[in-house]
Number of protein chains: 8
Amino acid sequence: MRELLRKVGSGEASVEQALAELKTLPFEDLGFAKLDHHRSVRKGFPEVIFGQGKTPEQVAKLAEAVLRRSDQLLITRVEVAAYDAVKVVVPDAVFEPTARTVVVDRRKKVTKKPGVAVVCAGTADLPVALEACVTAEAMGSEVRQLFDVGVAGLHRLLANMETLQSAKVLVVVAGMDGVLPSVVGGLVEAPVIAVPTSVGYGSSFEGLAALLTMMNSCAPGVGVVNIDNGFGGGYLAATINKSVK
Amino acid sequence: MRELLRKVGSGEASVEQALAELKTLPFEDLGFAKLDHHRSVRKGFPEVIFGQGKTPEQVAKLAEAVLRRSDQLLITRVEVAAYDAVKVVVPDAVFEPTARTVVVDRRKKVTKKPGVAVVCAGTADLPVALEACVTAEAMGSEVRQLFDVGVAGLHRLLANMETLQSAKVLVVVAGMDGVLPSVVGGLVEAPVIAVPTSVGYGSSFEGLAALLTMMNSCAPGVGVVNIDNGFGGGYLAATINKSVK
Amino acid sequence: MRELLRKVGSGEASVEQALAELKTLPFEDLGFAKLDHHRSVRKGFPEVIFGQGKTPEQVAKLAEAVLRRSDQLLITRVEVAAYDAVKVVVPDAVFEPTARTVVVDRRKKVTKKPGVAVVCAGTADLPVALEACVTAEAMGSEVRQLFDVGVAGLHRLLANMETLQSAKVLVVVAGMDGVLPSVVGGLVEAPVIAVPTSVGYGSSFEGLAALLTMMNSCAPGVGVVNIDNGFGGGYLAATINKSVK
Amino acid sequence: MRELLRKVGSGEASVEQALAELKTLPFEDLGFAKLDHHRSVRKGFPEVIFGQGKTPEQVAKLAEAVLRRSDQLLITRVEVAAYDAVKVVVPDAVFEPTARTVVVDRRKKVTKKPGVAVVCAGTADLPVALEACVTAEAMGSEVRQLFDVGVAGLHRLLANMETLQSAKVLVVVAGMDGVLPSVVGGLVEAPVIAVPTSVGYGSSFEGLAALLTMMNSCAPGVGVVNIDNGFGGGYLAATINKSVK
Amino acid sequence: MRELLRKVGSGEASVEQALAELKTLPFEDLGFAKLDHHRSVRKGFPEVIFGQGKTPEQVAKLAEAVLRRSDQLLITRVEVAAYDAVKVVVPDAVFEPTARTVVVDRRKKVTKKPGVAVVCAGTADLPVALEACVTAEAMGSEVRQLFDVGVAGLHRLLANMETLQSAKVLVVVAGMDGVLPSVVGGLVEAPVIAVPTSVGYGSSFEGLAALLTMMNSCAPGVGVVNIDNGFGGGYLAATINKSVK
Amino acid sequence: MRELLRKVGSGEASVEQALAELKTLPFEDLGFAKLDHHRSVRKGFPEVIFGQGKTPEQVAKLAEAVLRRSDQLLITRVEVAAYDAVKVVVPDAVFEPTARTVVVDRRKKVTKKPGVAVVCAGTADLPVALEACVTAEAMGSEVRQLFDVGVAGLHRLLANMETLQSAKVLVVVAGMDGVLPSVVGGLVEAPVIAVPTSVGYGSSFEGLAALLTMMNSCAPGVGVVNIDNGFGGGYLAATINKSVK
Amino acid sequence: MRELLRKVGSGEASVEQALAELKTLPFEDLGFAKLDHHRSVRKGFPEVIFGQGKTPEQVAKLAEAVLRRSDQLLITRVEVAAYDAVKVVVPDAVFEPTARTVVVDRRKKVTKKPGVAVVCAGTADLPVALEACVTAEAMGSEVRQLFDVGVAGLHRLLANMETLQSAKVLVVVAGMDGVLPSVVGGLVEAPVIAVPTSVGYGSSFEGLAALLTMMNSCAPGVGVVNIDNGFGGGYLAATINKSVK
Amino acid sequence: MRELLRKVGSGEASVEQALAELKTLPFEDLGFAKLDHHRSVRKGFPEVIFGQGKTPEQVAKLAEAVLRRSDQLLITRVEVAAYDAVKVVVPDAVFEPTARTVVVDRRKKVTKKPGVAVVCAGTADLPVALEACVTAEAMGSEVRQLFDVGVAGLHRLLANMETLQSAKVLVVVAGMDGVLPSVVGGLVEAPVIAVPTSVGYGSSFEGLAALLTMMNSCAPGVGVVNIDNGFGGGYLAATINKSVK
């Protein structure tokens, strides 16, 4: 914006041109969507496409549009039908069915930065945990996985203290009672991103029980994202890991 | 009613006739429904048929009945099967599949009155936003659309300040965090009708999160309708727009 | 903003001046608050002070600050202690204890515009209904009051059909079952702003029951504001009334 | 019980016989269920079979068992598959598909007692309203139906004041905002049984909104049953109607 | 209304007179309230004053106004301060502090009709149970009380089977788990009005647990009123009892 | 009951005597309460008085009544005022202010049976934990206390494994995130009674978060009682401990 | 652990060996899961496989892994597809379709210990009740079943007092109003494990109503497990029964 | 632990000594609490005392105990009475009444590390925002404050883009609609810690509305802590800031 004002001040741009630029430049109108191309400047990563609630055609068009201006693409909550539509126009799209993600990375020689650990409590939490892994990796982090270490068998967790304590940031995924982030948060100094999942039944109320547990964690240093939001957990972890020493 | 009393007083109608008239005139009993023909007098628009929870046969019979006394028809929440039943008896019915609406307008030379803007946050909110558009248009308003301008890319919204500030009334549709009406409400003087949608997952609780956000909006001048109630948003906006200078 | 860009383009202002102006002009930093002086330009009325949760000293300082740039002032949710602090520095402040409002209007010869009706269901809803009245009047509307016309005695409402149907916009306030806006909405063509109140007990859940009733109103043309938000109802009604023919 | 004690006291039964009788007589053990044959003595009507959650075979066996000791049968929440199983063993079973009920009445010359009115707000409430009708009729009441008289068109209701005021007890069925029982309760002296339905969407929360509205009704003389519990409404109405003058 | 139409038809009243009468007759405007004098015609009992949320002065004025046209008065949820204001203007007002009621009955030789039983689960439910008793008695019913018969000691209930089974209608009051109406409903044929109370702690959620228990009662013939609504329970019971053989 | 039938059969009691005995023997009617003297036979411990919601006079009268037939007394949720009333008539009453309990035990030479451990997460949980201790001890168990061992410092818990694993039954008390029972449940074989407390703020929702955590515990062998129900936890633990080898 | 320390102290194991053993011994990493073989030592029964949310392949692999180190296996929430995958690799697996369980017991001459009673309120609660039965039996308890004894026909329950009072621990399963555990808890001295089920409709809110009823039970000695958690009820009952005299 | 094992292996410690050390070293038992002295090793900061729900005496004793082993102290949620008790034994304790914190820092020459910004929406959010500031500063971060920049006056926020974008981590505090973190999250690349507050009324439900808004934020990179948990927000921010380049 300072740049825009400078151009107007120097006469490089007229007021009308400046207003026009302001309106047309930073996003692309696809009719059903306005793709935010400016996001990779502002947030350090291009707009991520949330696949749920969009038709396969919409997803494919958005994928194409992202890749017109970026060499990276991440789509989350992708059903097979949407992936099928995407790969017609983006043949190098990589689908991870359990995580329900599509990733493209056309950059050369990318080195991932270590520091993120993704920990989950049970086997049924895998889709959410893997979505976190794929997201953090797409954003440049190397991820260590530590799965099925719920507190019903605490020794499984304690036996992996080295992995826990060497991470710069941890994503901890759990459904049902959602206690794992509290326990991990009590054992490590690094920030913990807690991700409740909808795994459970009855009074888990589709993840509400786990969400409330994590919100009320007695261990300090725990931030929480939405239920089943593996993407959000991975994104926040990678954001932190990027700036860590 | 004054008219009815006058007739009784003048002897034009007996008490029994008056009571009978009161009972039979203003609505039509279809057995499964009592169609409120009086509504176009009272509310300025004929009774709108809510398609959800009715059989295709019921919807078609109601459509016919409305058009016996009116030259306008609006049906909302219409599935294809119900539309198929309607078009047999109402061949000029126009179906909008994304909005899930059927419209008939047999009036000649209708000029729509400008003033309504329908704004939505994301692509997945389109069905609700379009239901608002169709409704407001059926009721005589010209609608400007401004879609996919969620606050994650605030510049998309700010670049459209002219559209926002020139509207006489705005319908603002958003799911997930539902913050768009608060932001729009802070930028415009005109009334804002906020429509939460069930778009989201986890702790969006089928639109409850967005509803509560909108209810608690810090920006004054915001009224809220039910989750996914694009019809209600469009109806209220058109009602306001009708009486505006 | 267009004006600001023009000044930079014409050389009337340097880029640095423009940025400085952008940062300092439109609000005033009181330390504990940033008063939005720009609001009367943007919204047509100066920033309204929400008294709840602020100390009497903070309220009084904000009142003074508003009146430094405006000849109108509205404070809502004012306790007596805060009013006492305000009248020391604003001797012409008018306190309405039931509505819990403070109003100042230093403009000369103001004519209120008719069109707003405020309707409430029961005596216990008076504080909220009066807050709506004071707010709409402060914003330039003349208000007709129709109180204690709940549906348990429907004839009280029907006997006032003329008041209801002659209004350009109605604020309908109700606690407990919250049914009054649905009934009024079925009788009038004008927009209805429904205000649920926390009046009730047991499963009224502090106004939640009334809120949900209003949200699900079968009568179209009803928008809802927060529980006990008489200010919001009056503000939205006055906003609509201002632009009405 | 007094009878049992008398028999023991008079020597007609030994203590062991009495205890054995106490354990075996009043119900019949079908393995998956213990049919309460004593209920028609205690409650004036044989045990009603709740079809939901039972297999067609279980429903059919229970139907047979009821009819072994009674000449009346009522099954609610019956799917077609369960009805098909029932009619093999109970050829005179009468199925009402909208109400989802099966009825058998083998008594001769039964005169229904007038007094019950079943009122509903909209077409989508019909299954619940009809379940109430079938239940009240099975229990000996004659039912007057008044359907689709929601308050959005209040005149449809007021035109039927005679039906409303001549009833000895009213069942009032409504979904969405659930306001109809409040309005009816303000117009009649007879007891009103309010039945909320799950008709609606968004913040109707599957009938919770209507339930809370009815719970908080400002009109006295209203009792509420569970969401969609047409059976409960009809049962309670018939119970009251039976004992009315 | 028929009467009004007749007068207009016969010339006894002009149209203007009829409209005027419609507007002025059936209620009395006290400024802060519109007292519904027509209610004793329509509902068989004068308007009951709900004391909560009203000032002592308002309660006293309403009490006077009711007694200007009626010889009966019932006020519920009365604090001592309000009673003190009432007895100045209504010296024969009778205050029942546990029930929080004020009653006046100036009729001569009133015989109460037997048939209502009020049953409660625990000592802490007494205020609600007594409000039900006072209400039913004010409306002409004789009430039998059966208190502190919760199911933790089932024999206390079973020992009173005669009282339970001889009642024409039962009001059953319970907090905490709210199971008493289900058990009573399984034992009697007469209608049961269930009144949940806010007695309890923790997950009783101020009576919600008891309310839900009663809503879902497996025993048919149970209607529910609001939490702590002893008035509503007594009113509905007396309404039923009035018309019983 | 068998005994009663035997007496009638043998002529020792007439039918009328038997019915009379059934009605009068097992409880004592104090007017405001029906004390269940039969409970110590049926449940192994006399009726426990729940002090909350009762006047000091009611509590004192109940205390006296219990001790007329029993040599043990337990009152929970006792305020000082109630204790003061009790000690006038029961001079040997022992008050524990943090636990809010009153205990009397007039039996001679009572040996407590070891086996119960009461564990709590934080200092603020002490009142609930102590209520559990007092209750279990009053019912004959010896209790080991392990307080302030929340999982934020897991080593405090692991350092007490011997206490945990030697208990026959554990009461585990926790507020906020309520994770302690899950962790303890994963470490021990004995049954765990989990007691959520209302300790916390914000989204702890007065103990709901802790309750849901415990309900959804991944560790098997955990049963849950009401929020803040230290009595319930201690009672159930002592009941189990009584029958343990 | 003491053993491990002893070995290090005695030189039988080096520090590195000890740490390695700590990390590898007590569980088995299957990639998607870490099977807790140590659990049968710690909890007295091998890790139970929760079938829901796992693929048939995952269930079969876990079943094989459990049986590599144990001669007992319990899988809950098993769909037919998962059972089909299991029986390929575990031909002696026994499937109980209503309970949705798979059981293997390869021990010789196992005598079940009597003491557990499983009681349920209605036929639709059978799957949950049977899951409790299968679990308690797999863990070594002999189970008496008492089904369909809901309180709507209280005599069915009272006729089985002997079964109720002779049990050492009871599992009481109920949906809808969930009152059965309160009634049973008032009749027996033994601990009661209450299991709410999702049976019901409307305001049962998928079992929440029953859960809250049980949480607030007035009868002491009742612990509650999650909605539909028959496994949890059976597990806790068997844990208690194991240690009972 | 490795160290402990090494000592045992080398004979420096016997097994008994090792077990004893494990049990006694890392925490201090004060009777009512077990202070976790090990925490400053494990988490990089000594155990923070949560003042709410503790007596002034307990708070003072814990403060003394912390300072016996540490030269830093933080107490949150401190009432004046507790501070008075603390300053008797810790004369250099610094009380911040709005933030309700007590801080002691006896280290010499501490340089705070820049990077944390604390942003809040309104004046009533100050106590929570200041608690975040004090906490982050106590843990070594320099904090920039940006208060009262709610989105109703968006220019107040946009005028401070430099502060927002230069922060390494942001704590964003908001009540009512809670939209500020979504808007900030759309403007910055750094991680955002969102803190909902209980500021608001009606359907804000004590902060639930703001919490849900934040949970569902459309802007990625946002983690949420408990309602009013300024401590948690400041702690997590400082934890991240510590490790940032």
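This is a predicted model: local features need pLDDT of at least 70, side-chain atom pairs count only at pLDDT 80 or more; totals for chains, interfaces and linings use all residues.
**View 1. Relation of the two copies.** Residues are numbered from 1 along each chain as its sequence is written, and chains are lettered from A in the order in which they are written. Local features need pLDDT of at least 70, and side-chain atom pairs count only at pLDDT 80 or more, whereas totals for interfaces use all residues.

**View 2. Extent of the interface.** The contact (heavy atoms within 4.5 Å) takes 30 residues from chain H and 30 residues from chain A. Of the interface residues of chain H, 100% are also interface residues in chain A, so the copies meet through the same surface. The two chains bury about 2800 Å² between them, 57% of it on carbon and sulfur atoms; buried area is the accessible area (1.4 Å probe) lost on putting two parts together, summed over both. H:K43, H:E189 and H:M215 supply 22% of the area that chain H buries against chain A, more than any other three residues.

**View 3. A salt bridge across the interface.** Two salt bridges (a side-chain nitrogen of Lys or Arg within 4 Å of a carboxyl oxygen of Asp or Glu) are found across the interface of chain H and chain A. In a salt bridge, the side chain of A:E189 meets that of H:K242 (3.1 Å, N to O).

Note on methods. Side-chain values use heavy atoms; hydrogens and water are left out.
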